[in-house]
Amino acid sequence: MSDATATDANADVDPAALAALKHVGLVGGLSETKVSCAALGDRLDASTQTASRRLQTLESAGYVERDVVSDGQWVRVTDAGEAALRAVYADYRRLFESDVELALRGSVTGGMGEGRHYITLPGYAEQFRERLGYDPFPGTLNVNLTEESVRRRGEMAGIDAVPIDAWEGEDRTYGAATCYGVTLVAGDERYEEVHAIVPDRTHHDDDQLELIAPDRLRDALDLDDGDGVEVRVEPTTRADDPESTAVETEVA
């Protein structure tokens, strides 16, 4: 968790720029490839100038790195750009496939104690109680993700989750976050009522995920630093969602 004074990692890009990012990736840009604005414009059915502007937009957002040379430019999609592509990919998987599950793997690590502070702040605590349906244990379980899971983390953006709104305290504004429904698996044990909390603004790198639950997860699953875990991310809705309540009542 973090307050609203932190800096956003990347600027938003529009669908046209994301389309350009996809084409760069398709011609080998997940490593590094030479790109001509004229050729990219042909792929996008756009002018050379438009293709150049879209590459500039992607570079400003931190989605690509460019090295302009006399006969074109070398372009590489960054980790942030790959995450954006994976988020789009996750949307299409949800559209055309059923029972899609995202499983992220990593190991338990110690935190700096910030989670305990933010989880217990009244503006967050009230929303957790109403929207998640429980009072979280005052602290987070931190998971260091594997390299592959860091790359796949962007797919979380395509999974239904619970929003946590920003709010104002006496001396500062606290940032918004998103809570993703999670089943945490450690060996043969599992804990299902878990949420991965992802702040809109954070000081953490993408290789770390924070988890909250009604109980202290270290005790519930007998976890120590370095233990391997699997974080299975699943679609979830607000506990106080009137539409889901109405559906349950109708089925009953």
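Author: A residue is called buried under 20% relative accessible area, exposed over 50%, and partly exposed in between, with a 1.4 Å probe and protein chains only. This is a predicted model, in which local features need pLDDT of at least 70 and side-chain atom pairs count only at pLDDT 80 or more, while totals for chains, interfaces and linings use all residues. Residues are numbered from 1 along each chain as its sequence is written, and side-chain values use heavy atoms, with hydrogens and water left out.

Reader: Is Glu-82 buried or exposed, then?

Author: Glu-82 counts as buried, because its relative accessibility is 14%.

Reader: And with which residue does Glu-82 form a salt bridge?

Author: The partner is Arg-86, with the closest N and O atoms 3.3 Å apart. A salt bridge here is a side-chain nitrogen of Lys or Arg within 4 Å of a carboxyl oxygen of Asp or Glu. Arg-86 has 18% relative accessibility and therefore also counts as buried.

Reader: Where do Glu-82 and Arg-86 lie?

Author: Both are in helix 4, four residues apart, which is about one turn of the helix. Helices are DSSP runs of H or I with at least four residues, strands are runs of E with at least two, and both are numbered from the N terminus. An α-helix has 3.6 residues a turn, so residues three or four places apart point the same way.

Reader: What about Glu-155 and Arg-152?

Author: Their side chains meet in a salt bridge of 3.0 Å, N to O, and both residues are buried. Salt bridges with shared partners join Glu-82, Arg-86, Arg-152 and Glu-155 into one network.

Reader: How many salt bridges does the structure hold?

Author: There are 14. Another one of them links Arg-129 with Asp-135, whose closest N and O atoms are 2.8 Å apart. Arg-129 is partly exposed at 44% relative accessibility, and Asp-135 is partly exposed at 43%.

Reader: Turning to the aromatics, how many pairs are there?

Author: The structure holds five aromatic pairs. In Tyr-118 and Tyr-174 the ring centres are 6.3 Å apart and the planes stand at 70 degrees, so this pair is edge-to-face. Rings of Phe, Tyr and Trp (its six-membered ring) pair if their centres lie within 6.5 Å; planes under 30 degrees apart count as stacked, over 60 as edge-to-face, and the rest as tilted.

Reader: Which parts of the chain does that pair link?

Author: It links distant parts: Tyr-118 is in helix 5 (residues 114-119) and Tyr-174 in strand 8 (residues 173-174), 56 residues apart. Tyr-118 has a relative accessible area of 9% and so is buried; Tyr-174 is buried too, at 7%. The rings of Tyr-174 and Trp-167 have centres 4.5 Å apart and planes at 15 degrees, so they are stacked. Trp-167 is also buried.

Reader: Which residues make up the aromatic cluster?

Author: One cluster is formed by Tyr-118, Tyr-124, Phe-128, Trp-167 and Tyr-174.

Reader: New topic: which residues other than glycine take a positive phi?

Author: Asp-45 has a phi of about 55 degrees, and Asp-222 has one near 55 degrees. Most residues other than glycine have a negative phi. Asp-45 lies in the loop between helix 2 (37-44) and helix 3 and is exposed, with a relative accessible area of 73%. Asp-222 is placed in the loop between helix 8 (217-220) and strand 12 (228-234) and is exposed at 62%.
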